[in-house]
Protein chains: 2
Amino acid sequence: MASLPDPITRLISSLGQLPGIGPRSAERLALFLVQSESGQVKQLAESLLEARERIGFCEICGSLTESQPCGLCSDSERETHTLCVVETAVDVINVDKSGAFKGLFHVLGGKISPLNGVEPEDLRIAELESRLKGVEEIILALGTDVEGEATSNYLALRLKDNGVTVSRIAHGLPAGSGLEYADDLTLVHALEGRREVQ
Amino acid sequence: MASLPDPITRLISSLGQLPGIGPRSAERLALFLVQSESGQVKQLAESLLEARERIGFCEICGSLTESQPCGLCSDSERETHTLCVVETAVDVINVDKSGAFKGLFHVLGGKISPLNGVEPEDLRIAELESRLKGVEEIILALGTDVEGEATSNYLALRLKDNGVTVSRIAHGLPAGSGLEYADDLTLVHALEGRREVQ
């Protein structure tokens, strides 16, 4: 039985390392790519290299950027008295897209997870503390899993003596969802976080 | 609201042109790639270019290959008296993987589809006719949709005066499936194609 030519096998194995691309998808993509226009493949390869080379992390907030400091940190229209703390650089994009936050961001670079060997000193917490001057409120926008909760609690405790308000984004029912799709813990959070209707 | 840096936007748009990659997947892949190791991204870009440059179509059978003729056509252990006719170069790989066919292949490059402007002369039928010397049986392994059926019928009619047997792969229940999942047409084909139990 003849097998696939080597260059295709190598391409399949490279593609298979991407998140969400299983062996079948990798094969389908590779076979599509070797049969598509040469110019299109070249363009894809170039955008890959260009994006990887030109994008880095902002020295101040830790988000993805082409320039130092990033567009958000250098935007004079953002409110400088609130800081939104997120886990990853991608979270910055998602929160910013929502349009509900006008302040500045701070990327932690992960969450405290002793089982995976991530201790508080592995995160950008010291960098966060050095940015507190003039900040009135820190909004913790971390995940709702155990490690996200632990990181939120740790940060709230560590930051409380700095004279800033530390808040946490609400946990509850997601938009457009019904009670029948919510798990018990989400309902517990939603009930605990109830607010009086004005 | 700040948007994503340009190189990422360009990468997302390149990735979004791949089959099965929607806007959300493209964004997730792009953000993963700009944050992953530089070496890994470089390797992916290189395998892309290498595969596209080195892979072409076999001049004889039309399948994907690095060399001319392809590994299948130049394999002296394949039976030269049967030809399996398939639609695409990828079908060759799938039929060959099954291990059930030991002869040679011929890729049509599509199926007759007047609505999409594909006429018989757009397919590799003349090339097929030029390969008939010494061939005893032509197995048509085309799709079971209307266009695949029409192409099978057209080929059977056109090839029958050449003194070769023209057969068609069986249509029926797929392996591991129950009657409850089969549509009416599949059952019609399965009943029509019934064989006496020996």
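This is a predicted model: local features need pLDDT of at least 70, side-chain atom pairs count only at pLDDT 80 or more; totals for chains, interfaces and linings use all residues.
Trainee: How many salt bridges does the rule find across the interface of chain A and chain B?

Mentor: The rule finds four across that interface. Polar contacts are counted separately: 10 residue pairs between chain A and chain B, with both residues at pLDDT 80 or more.

Trainee: Which elements of chain A supply at least two residues each to the side that touches chain B?

Mentor: They are helix H1 (6-15), helix H2 (23-35), helix H3 (38-54), strand E2 (64-65) and helix H4 (89-98). The largest share comes from H3(A), with 14 residues. By residue class, this side of chain A divides into 29 nonpolar, 11 polar and 12 charged residues.

Trainee: How many residues of each chain are in contact, and how much area do the chains bury between them?

Mentor: On the contact count, 52 residues of chain A meet 51 residues of chain B. Buried area is summed over both parts. For chain A and chain B the total is about 4800 Å², and 70% of it lies on carbon and sulfur atoms. Within chain A, the residues that lose the most area to chain B are Pro7(A), Leu48(A) and Arg52(A), which together account for 13% of what that side buries.

Trainee: Turning to the fold, what pattern does chain A follow along the sequence?

Mentor: Chain A has seven helices and six strands, arranged as α-α-α-β-β-β-α-β-α-β-α-β-α.

Trainee: What share of chain A counts as buried, and what is its accessible surface?

Mentor: Of its 198 residues, 40% count as buried. The accessible surface of chain A is about 11200 Å², with 52% belonging to carbon and sulfur atoms.

Trainee: Is Thr151(A) buried or exposed?

Mentor: A residue counts as buried when its relative accessible area is under 20%. Thr151(A) is therefore buried, because its relative accessibility is 0%. Thr151(A) lies in helix H6 (residues 146-159) of chain A.

Trainee: Which residues are in contact with Thr151(A), leaving aside neighbours within four places in sequence?

Mentor: Thr151(A) is in contact with Leu108(A), Lys111(A), Ile112(A), Leu123(A) and Leu142(A), once those neighbours are set aside.

Key:
Residues are numbered from 1 along each chain as its sequence is written. Chains are lettered from A and ligands numbered from 1 in the order in which they are written. Side-chain values use heavy atoms; hydrogens and water are left out. Helices (H or I, at least four residues) and strands (E, at least two) are DSSP runs, numbered from the N terminus. Buried means under 20% relative accessible area, exposed over 50%, partly exposed in between (1.4 Å probe, protein chains only). Contact means heavy atoms within 4.5 Å. Accessible areas come from the Shrake-Rupley method with a 1.4 Å probe; for residues, only the protein chains shown count as cover. Buried area is the accessible area (1.4 Å probe) that two parts lose on being put together, summed over both. A salt bridge is a side-chain nitrogen of Lys or Arg within 4 Å of a carboxyl oxygen of Asp or Glu. A polar contact is a pair of N or O atoms within 3.5 Å; within protein, one must be able to donate a hydrogen and the other to accept it, and residues adjacent in sequence count only if both atoms are side-chain atoms. Ala, Val, Leu, Ile, Met, Phe, Trp, Tyr, Cys and Pro count as nonpolar, Asp, Glu, Lys and Arg as charged, and the others, Gly among them, as polar.
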